[in-house]
Amino acid sequence: MQGLAPPPVAVPRTLPEALAALSAAGDGAAPLAGGTWIMRAPIRHEAHAPAYVALGRIAELRRIDVADDEVAIGAAVTHAELAKALSPFSDLAALAAAAAGSANPAVRNAATIGGNLCARGFPAADLVPALLCLDAVVEIAEAAAPAGSRRLPVEAFLADPAATGGGRIVTRIVLKRSGLRSVHVRLPLRKAGDYPVAIVSAAIGVGGGGRVESARIAVGSVEAAPRRWTGLEGAINGERLDPARIAALAASLAPEFSGRDGVEAPGWYRVRVLPTLVGRAIAALAAAA
Ligand SMILES: Cc1cc2nc3c(=O)[nH]c(=O)nc-3n(C[C@H](O)[C@H](O)[C@H](O)COP(=O)(O)OP(=O)(O)OC[C@H]3O[C@@H](n4cnc5c(N)ncnc54)[C@H](O)[C@@H]3O)c2cc1C
């Protein structure tokens with residue numbers, strides 16, 4: 001009977017060993033990263049996997065490689081490690097802030113970027129909207145094809161239920177250095193450690209005339225899954241970084257969202273706070289410009 005004995009956990013030292021262990025453990029075996037989502041499975045009335053393969057001892061999944069043109073982040077890098085490593089880079093500020101502000105210090109020391117992306121059914125994942133606005137690419141290795149890996153844009157990864165599970169391990173998240181400034185703002189209802197009510201991440205390029213030339217804006221925790229706000233991206237093209245004006249545009253477009261009811265807040269409230277969060281995001285970008 002599930003729940004009496006904990007599932008077995010393999011602790012490989014290399015990626016090929018991890019893929020082999022997943023394969024050997026059979027159907028339903030799953031990677032175990034920080035365990036902060038997995039440990040709450042009973043609260044969500046979900047069964048644990050029959051077996052787990054831990055990723056924390058695999059050195060290549062713990063690396064962060066920062067180059068001038070791109071950054072590659074190993075899937076087992078923790079939120080705390082990510083926040084520290086990315087803090088000097090203004091183009092990656094959205095991801096650094098998302099990692100620095102999620103949950104609480106103890107969770108941030110355990111939870112990983114790969115776990116954040118792969119925790120399907122987690123609407124309030126902080127790093128996901130930041131990765132959407134930074135146009136991340138997700139690298140995946142498969143037990144069925146251990147020699148290579150494939151890459152998927154993060155939006156395609158999130159839309160494909162078959163991108164995780166079935167012997168797959170997310171190995172790295174790759175970000176092109178765009179030079180755009182980025183920002184991440186979130187509204188927790190009561191205190192640090194709560195899941196946020198709503199999240200806005202944005203990467204915005206401003207031209208010489210001070211007007212928006214490119215925008216990628218993502219929203220988390222409002223609907224069942226984080227997503228880009230393409231309507232607002234288009235509407236602010238050519239606008240100045242004026243927080244009140246852009247918040248007003250966000251208010252006119254907010255009905256594009258259908259808020260989810262949850263223990264932290266009702267759906268209508270999540271949608272209602274979005275323009276305020278957008279205004280805060282724009283104010284932060286304007287102040288940094
Ligand atoms: C009280 C509390 C509050 C929290 N609040 C927040 C918050 O506000 N914002 C936030 O972002 N996070 C929050 N978290 C943390 C959240 O659980 C993690 O951010 C994340 O979603 C899970 O990361 P993990 O490394 O612990 O993954 P795990 O729990 O180890 O795994 C999660 C899922 O992903 C799969 N998986 C993990 N790594 C991989 C991989 N490399 N390849 C393929 N599949 C993989 C696992 O099999 C599992 O299905 C909170 C956690 C707690 C306990």
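Residues are numbered from 1 along each chain as its sequence is written, and side-chain values use heavy atoms, with hydrogens and water left out. As the model is predicted, local features need pLDDT of at least 70 and side-chain atom pairs count only at pLDDT 80 or more, while totals for chains, interfaces and linings use all residues.

Me: In what order do the 3 strands of the open sheet stand?
Reply: Strands here are DSSP runs of E with at least two residues, helices are H or I runs of at least four, and both are numbered from the N terminus. Two strands pair if DSSP finds at least two bridges between them. β1 (9-10) and β2 (30-32) each have a single partner strand, so one side of each lacks a neighbour in the sheet. The pairing is parallel, and the order is β1-β3-β2.

Me: Which residue in β3 stands opposite A10?
Reply: β1 and β3 (residues 52-54) run parallel and are joined by 2 bridges. In β3, the residue facing A10 is V53.

Me: What angle does helix α1 make with β3?
Reply: Contact means heavy atoms within 4.5 Å, and α1 (residues 15-25) touches β1, β2 and β3 as it packs on the sheet. Axes are lines fitted to C-alpha atoms, for helices over the stretch in contact, with angles from 0 to 180 degrees between N-to-C directions. For α1 and β3 that comes to about 170 degrees.

Me: How many bridges join β6 to β8?
Reply: β8 (residues 168-176) also pairs with β5 (residues 70-74), antiparallel over 5 bridges. With β6 (residues 137-142), β8 again runs antiparallel, and V138 has I173 as its bridge partner there. The β6 to β8 count is 6 bridges.

Me: Is H79 buried or exposed?
Reply: H79 sits in helix α2. Beyond four places in sequence, H79 has contacts including A99, R108 and L127. Buried means under 20% relative accessible area, exposed over 50%, partly exposed in between (1.4 Å probe, protein chains only). At 3% relative accessible area, H79 is buried.
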